[in-house]
Amino acid sequence: MYVPEYGVKPTVQSMTIGQLAAAAGVNVETVRYYQRRKLLAVPEREVGSIGRYPESALTRLRFIKRAQSLGFSLDDVQVLLSLDEGQACSSARELGERKLADVRERIQTLRALEVALQGLVARCSSNRRKVSCPLIEVLMRSDVARP
């Protein structure tokens, strides 16, 4: 709570699960799911009280979301988190290299798709006298190879 007369905002010492989820921009069920996956610790709590999460839980939750936004699976995130807990950086690098190779492969596939679609769109533009649209015709055929 902000105390105007002192002009100081208190630091976040601990948060409820709802506050943690809101601060990280996720749903409460996402936090619980990460706990079930052992990506995020369940806070200890005294009998009759609610669990309180430390600031480090928010940092960890943001790490998980950032890693996911870069294309890492939750299994990858689990490995990265275990590496951060003392294992060799070379293992993290290897995981990053595998992810980079995967991204490059997907980019190649998307470029091939782009070229194929460009050709089909161009054929649609020059196909004014025919009844059938080349794009729709190609998509209807089952023998068309996927990029």
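Asp76 sits in helix α4, which covers residues 74–84. This is a predicted model. Asp76 counts as buried, because its relative accessibility is 16% and the cut-off for buried is under 20%. Setting aside neighbours within four places in sequence, Asp76 contacts Leu95 and Lys99.

Lys99 belongs to helix α5, residues 89–126. Its relative accessible area is 15%, so Lys99 is buried as well. Beyond its neighbours within four places in sequence, Lys99 is in contact with Leu70, Gly71, Phe72 and Asp76.

## Overall make-up

The protein has six helices and zero strands. Read from the N terminus, the order of elements is α-α-α-α-α-α. Of the 147 residues in the protein, 22% are buried. Asp76 and Lys99 both fall in the buried class.

The accessible surface of the protein is about 11,200 Å². Carbon and sulfur atoms account for 55% of that surface. Consider next the contacts between residues at least 6 apart in sequence. Of these, 47% join residues at least 24 apart.

## Helix α1 against α2

Helix α1 spans residues 17–24, and α2 spans 28–36. The two pack at an angle of about 100°, and their axes are 8 Å apart. That angle lies in the 65 to 115 degree range, so α1 and α2 are roughly perpendicular to each other.

Which residues of α1 meet α2? On the α1 side they are Ile17, Gly18, Leu20 and Ala21. On the α2 side they are Val28, Val31 and Arg32. By class, this contact has five nonpolar residues, one polar and one charged. Gly18 is a glycine of α1 in this contact, and Gly counts as polar. Arg32 comes from α2, and Arg counts as charged.

## Helix α1 against α3

Helix α3 covers residues 55–69. The axes of α1 and α3 come within 10 Å and cross at roughly 45°. This makes α1 oblique to α3. The crossing of α1 past α3 is right-handed.

From α1, the residues that meet α3 are Leu20, Ala23 and Ala24. From α3 come Ala57, Leu58, Leu61 and Arg62. Six residues of this contact are nonpolar, none is polar and one is charged. Arg62 is part of the α3 side, and Arg is classed as charged. Leu20 faces α3 here, and Leu20 also takes part in the contact with α2.

## The loop between α2 and α3

Ile50 lies in the loop between α2 and α3. Is Ile50 buried or exposed? At 52% relative accessibility, Ile50 counts as exposed, because the cut-off for exposed is over 50%. Not counting residues up to four places away in sequence, Ile50 touches Thr16 and Arg45.

Lys38 has 66% relative accessibility, so Lys38 counts as exposed. Lys99, by contrast, is a buried lysine, at 15%.

Technical notes: Residues numbered from 1 in each chain as written. Predicted model: local features only at pLDDT ≥ 70, side-chain atom pairs only at ≥ 80, totals over all residues. Heavy atoms only, no water. Axes fitted to C-alpha atoms, helices over the stretch in contact; angles between N-to-C directions. Helix = DSSP H or I, 4+ residues; strand = E, 2+ residues; numbered from the N terminus. Parallel < 35°, antiparallel > 145°, perpendicular 65-115°, else oblique. Left-handed = near helix turned anticlockwise from the far one by under 90°. Contact = heavy atoms within 4.5 Å. Buried < 20%, exposed > 50% of the residue type's maximum accessible area, 1.4 Å probe, protein only. Areas by Shrake-Rupley, 256 points an atom, 1.4 Å probe, with all protein chains shown as cover.
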